[in-house]
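Let's take a walk through this model together. Have the sequence and the 3D view open side by side, and follow along one stop at a time.

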Amino acid sequence: MVFYLVVAGSNGWGFLSFSNIISVLSQNSHTAFAATAVTVTLIAGQFDLSVGALVGLSSTLVAVLTASQGLSLLVAVPLVILIAAAMGLLNGLLVTRVGVNAFIATLGTGTAFTGIAVLVTNGELIFTGIAPTLISAMRTEVFGLRLVVVYVAVLMVALWFVASRTVFGRRLFASGANPIAAQLAGVPVRSTTLAAFVVTALIACAGGLVMAGNFGSANPTAGPELLLPAFAAAFLGSSIVGKDRFSVLGTIVATFLLALALNGLDVLGMSAGAKPIFNGLVLVCAVALTQTLRRRSARRN
């Protein structure tokens, strides 16, 4: 809070103006999707390092299919969703059936996803030809808010309902908290974990569609850059809600707080290298704080 006030004071309080906050929210909506996707597998006790790459691949594929191949959105979007679901299923099968460590499995598949994105674009950015309908679906404003911000709110409410009001949500938390105990209690841990990877991939795919439409372009190598802020937001979010578990609400709030802080670094005239340093420090501090809170909770119980 002190940081935000310092930046605002140096900027004539324009930094905390409604228009600037809305702008930050809009520009980082795809990051919120990536962070939420990461949170789903974290709740299940797994790591998915392919999320950023899958956001980038989905963004690239919808751009290529509409701009280069001339497909309509009614064909391109379902096709991209099916591809993303297959990628998530692949991750889940590698972890739950083959027995590959989630960190290694998704690191490998994520690298491959980025390679596919580069391959289908020949490593070139796509600036033209993206379906105008997709762009307008993201950039249209309702009551002063871009629709992408509304989509994030809908995502938050939907996942809150799934996590807190459905059997799948309870199984997800149980699998992540103690898989052995959950298995003994009758929870299908492997199936739940597999489903978590698929859901993560679908949310990442939605983030890719949001990114392509919001920016009106696609960069095949942009996705992996989202991984660090996504994990930083997920761990920071678990601290924000004051509980010893991951939270979709906390993740989304943390995503925008971090995005606003990075915007503050721009306002202060910091160099580009300050942003990855900031994200790295936030991730380390957030993980340390989360572990501290969990240890305290364990001692109380």
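**A guided tour**

Alanine 102 belongs to helix α6, where helices are DSSP runs of H or I with at least four residues, numbered from the N terminus. Its C-alpha lies 9.8 Å from that of glycine 45, a residue 57 positions away along the chain.

Before going further, a word on the ground rules. This is a predicted model, in which local features need pLDDT of at least 70 and side-chain atom pairs count only at pLDDT 80 or more, while totals for chains, interfaces and linings use all residues. Residues are numbered from 1 along each chain as its sequence is written, and side-chain values use heavy atoms, with hydrogens and water left out.

Now look at phenylalanine 103, also a residue of helix α6, which spans residues 102-121. Phenylalanine 103 is partly exposed, with a relative accessible area of 42%. Together with Phe47, Ile104 and Leu107, Phe103 makes a nonpolar surface patch of about 380 Å². Such patches take residues with over 30% relative accessible area and no salt bridge, joining nonpolar side chains (Val, Leu, Ile, Met, Phe, Trp, Tyr) within 5 Å and like charges within 9 Å. A salt bridge is a side-chain nitrogen of Lys or Arg within 4 Å of a carboxyl oxygen of Asp or Glu, and the areas come from the Shrake-Rupley method with a 1.4 Å probe.

Follow the chain on to asparagine 122, in the loop between α6 and α7 (132-139). At 68% relative accessibility, asparagine 122 is exposed. Its phi is near 60 degrees, a positive value in a residue other than glycine. Most residues other than glycine have a negative phi.

Next, turn to a pair of helices. Two packed helices are described by the angle between their axes and the distance between the axes. Helix α4 (residues 51-68) packs against helix α5 (residues 73-98) at about 150 degrees, with the axes 9 Å apart; axes are lines fitted to C-alpha atoms over the stretch in contact, and angles run from 0 to 180 degrees between N-to-C directions. The two helices, α4 and α5, are therefore roughly antiparallel, a label for angles over 145 degrees.

Helix α5 also holds methionine 87, which is buried at a relative accessible area of 14%. Methionine 87 and leucine 202 are 115 residues apart in sequence, yet 9.3 Å apart in space, C-alpha to C-alpha.

Two last stops remain. Serine 26 sits in helix α2 (residues 18-27) and counts as buried at 5% relative accessibility. Glycine 186, in the loop between α10 (179-184) and α11 (189-215), is exposed at 56%.

Definitions and conventions
Buried < 20%, exposed > 50% of the residue type's maximum accessible area, 1.4 Å probe, protein only. Parallel < 35°, antiparallel > 145°, perpendicular 65-115°, else oblique.
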